[in-house]
Amino acid sequence: MTHPFAEERPTSAGVQELMACRLAAELADGEVMVVGGVSLIPMAAGLLAQQTHAPNLTLVTGSGAVNPRPKALVPSGADEAYLSTAEALIDIQDVFDHTEKGTFDVICLGGMQVDRYGNINLTVVDAGPSRGLVRGPGLVNVGITMTVGRTMLCVTEHRTRTMVPSVDFASGAGRRRPDGTPYPARKGGGPSLCITPLAVLDFDERDQMRVASVHPGVAPEEVRERTGFPLAIHDAGEPTPTPSPEILDVLRRRVDPTGWLSR
């Protein structure tokens with residue numbers, strides 16, 4: 001039975017659907033991917049990649065579910081729908097062990113703040129005199145951003161208060177420290193891209209973010225205006241590729257039949 005909301009979706013991809021498809025395209029067959037539990041978009045990307053070009057991708061949720069086969073997306077990565085349909089379950093000690101061994105190829109993370117070098121803040125933000133300190137969910141396994149092959153960032157709000165020159169607290173490592181100095185030796189090179197509701201950002205030779213592409217209907221200057229640090233624009237800010245009808249059909253029919261990404 002089709003969910004009533006799913007029937008209302010337009011023929012073209014919505015912003016969150018576009019973001020999920022773009023992230024999925026970055027995943028390779030045979031990789032091991034870790035996703036957190038806050039945003040639906042990285043989970044949708046992993047499940048979509050498994051359903052299309054990367055059937056041998058291993059997907060691990062923050063709650064320890066390995067290769068879940070849910071009937072639909074749910075808001076939390078720790079939901080019973082992911083745990084009860086998983087091929088296997090691992091506990092937090094297993095996650096730490098695999099982190100130290102460098103087992104994980106890619107992780108997708110968000111942030112209350114993201115800076116020009118891709119450092120993320122999930123811990124605490126100084127919201128000013130009127131609000132004081134705002135506590136975030138934190139990042140349990142901070143070492144994973146140093147040992148994972150690469151990090152993809154997925155930010156669901158693109159504003160100057162989110163995209164900041166320097167994070168208030170570095171919960172996860174970017175390509176350089178917030179002050180621009182190098183991090184010590186690591187397995188991977190840090191974040192490879194950051195996707196937001198406005199654009200896809202990658203990194204230049206100085207390890208600083210730049211605009212790689214802008215989503216349909218978004219001007220490069222709008223991305224600059226809503227970012228708290230200077231942004232170069234690569235190749236004049238080409239448009240983010242839209243998913244093919246076939247890919248969008250798989251996303252909506254097999255991954256997100258209830259239309260969570262369109263809400």
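This is a predicted model: local features need pLDDT of at least 70, side-chain atom pairs count only at pLDDT 80 or more; totals for chains, interfaces and linings use all residues.

Mentor: Residues are numbered from 1 along each chain as its sequence is written, and side-chain values use heavy atoms, with hydrogens and water left out.

Trainee: How many residues of strand β10 are buried?

Mentor: Strands are DSSP runs of E, at least two residues, numbered from the N terminus, and buried means under 20% relative accessible area with a 1.4 Å probe, protein chains only. In a regular strand the side chains alternate between the two faces of the sheet. R150, M152 and C154 cover one side of β10, and T151 and L153 the other. Strand β10 (residues 150-154) is largely enclosed by the rest of the structure because the number buried is 5 of the 5.

Trainee: Which residue in β11 stands opposite L153?

Mentor: Strands pair if DSSP finds at least two bridges between them. β10 and β11 (residues 191-195) are parallel, with 4 bridges. Opposite L153 stands C194.

Trainee: Which residue in β10 is the bridge partner of C108?

Mentor: β5 (residues 106-109) runs parallel to β10, and 4 bridges join them. The partner of C108 is M152.

Trainee: Which element gives the largest share of the lining of the second largest pocket?

Mentor: Elements that give two or more residues to this lining are α2 (40-51) and α7 (245-255), helices being DSSP runs of H or I, at least four residues. The largest share, 3 residues, comes from α2.

Notes. Buried means under 20% relative accessible area, exposed over 50%, partly exposed in between (1.4 Å probe, protein chains only).
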